[in-house]
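Colleague: I would like to work through a few features of this model. Please give the general idea each time, then the case at hand.

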Amino acid sequence: MKKLSIFLMLILLFTTISSIAFAGDTVIKFWHTYNMQTEEGKTMNEVVIPAFEKEHPGVKVESLQIPYDEFRKKLLTSIAGGKAPDIVRVDIIWVPEMAKEGLLTNLSQEFGEEFDKYKSKVFPGPLSTNYYNGSYYGIPLDTNTRVMMWNKKLFQAAGINNPPTTFTEFKEVVKKLTKDTDGDGKIDQWGAAIGSLWPWHILPWIWSNGGSVTNSGLTKSTGYLNSPESVGALQLLVDLYKDGYMSETIVGGGEDTGAGYGNDHYGMIFGGPWFWPIIKGQFPEKELDFALYPHGEGAQSVSVVGGENMIIPTTSKHKDIAWEFAKYLLSEDVQVKMAKTGQIPVVSSVVDTKYFKSHPYFGIFMEQLKTANARTVHPQWNRIKEELHKAFEAAILGKMTSQEALDKASTEIDKILKMK
């Protein structure tokens, strides 16, 4: 009987200790859109998160993947209902809008000098997508940008040794590469192909000619979007398309840019690091060569920033631990691990690591990121995007001159910028 009592006491003691240990665990909820069937999702869930938990005993990260199309609505609903996650990986274009609505923790205020330390480690382009009304409401996690891909086979056949670096060179090269290769009187090889007329594709040309959409304070578009630099960049594309040197892809037709490059129909295309596996998957033997965007006289090569940021909702009950997790994800070790799954890191110091120095294509993207710009970081970006697209389309299709189209768009964007 005495032995049985001792046994029961031990069971009770063990159960109590286990309950205390479990109760002491802190669970932070991490929402994201990682594809769990790919290397990026598997690496995050099976390598990165377990390593963080090992370094932080008593902390558990509850990882939840949500499809991109549902993500924004589900996140906003959860925050409104007080059931938001503690840390979220979101599309960079969502941050200003959510910050404006008071849904996000002001990281630069909440974490002060420590935030400043990490802010200085990341590329300025991706960082800028987190800035709203004088503060930062997120911090970059991964990024991407676009560069020029030039078809060396076609270049060499045309007697051209190097990719163009300026707009003047670009015009000359595009004309030399555009040909009727089979003699039937129809062009079947174009100097360049641009994916569409959305800002993601067109803004790098405007920026690389010294133009912009607005002033730095995001209060005015007139005088910036319709400046000689912006108009000149758009007119460059208008002229090349009108004269037949650029494929129909820019207006939604023609052969897909990746396929056209692989089939030697396009001399130059413009895209992100995802083009490597796409083209290599279809054309394993195809040589891929990369270069920075060409630029106008007196300007520098500037591309566009994409990617994801980390945010901490105002309703998070574990902001300090969520911030610890964010810092961990910005460590060089984790950034390189995720880079091996295809993501471009945001921490600038990894450029000098062995992995990146020997990588077949990441180096040029990291170089382009040094000067890459974010799309207008404003809560009304979606409205601004539509006005830009309408203007670019009107100019390319000849419905308006480039000056008229950008004059009209800048006036409309001025109105949008005043919206509360």
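Modeller: This is a predicted model. Start with burial: a residue under 20% relative accessible area is buried. In strand β1, residues 26-32, five of the seven residues are buried, so the strand is largely enclosed by the rest of the structure.

Colleague: With which strands does β1 pair, and in what sense?

Modeller: In a regular strand the side chains alternate between the two faces of the sheet. As for the pairing, β1 runs parallel to strand β2 (residues 59-65) over seven bridges. It is also parallel to strand β3 (residues 87-91), over two bridges.

Colleague: What is the handedness of the unit made by β1, helix α2 and β2?

Modeller: The handedness is judged with the strands pointing away from the viewer: a clockwise path over the helix is right-handed. Here β1, α2 (residues 39-55) and β2 form a right-handed β-α-β unit.

Colleague: Now the backbone angles. Where is N133, and what is its phi?

Modeller: N133 lies in the loop between β4 (131-132) and β5 (135-136). Its phi is positive, about 50°, although N133 is not a glycine.

Colleague: Is N133 buried or exposed?

Modeller: The cut-off for exposed is over 50%. N133 has 66% relative accessibility and therefore counts as exposed.

Colleague: And what about L218?

Modeller: L218 is another residue other than glycine with a positive phi, near 60°. It sits in the loop between α10 (199-207) and α11 (228-242). Its relative accessibility is 24%, so L218 counts as partly exposed.

Technical notes:
Residues numbered from 1 in each chain as written. Predicted model: local features only at pLDDT ≥ 70, side-chain atom pairs only at ≥ 80, totals over all residues. Heavy atoms only, no water. Buried < 20%, exposed > 50% of the residue type's maximum accessible area, 1.4 Å probe, protein only. Helix = DSSP H or I, 4+ residues; strand = E, 2+ residues; numbered from the N terminus. Pairing = 2+ DSSP bridges.
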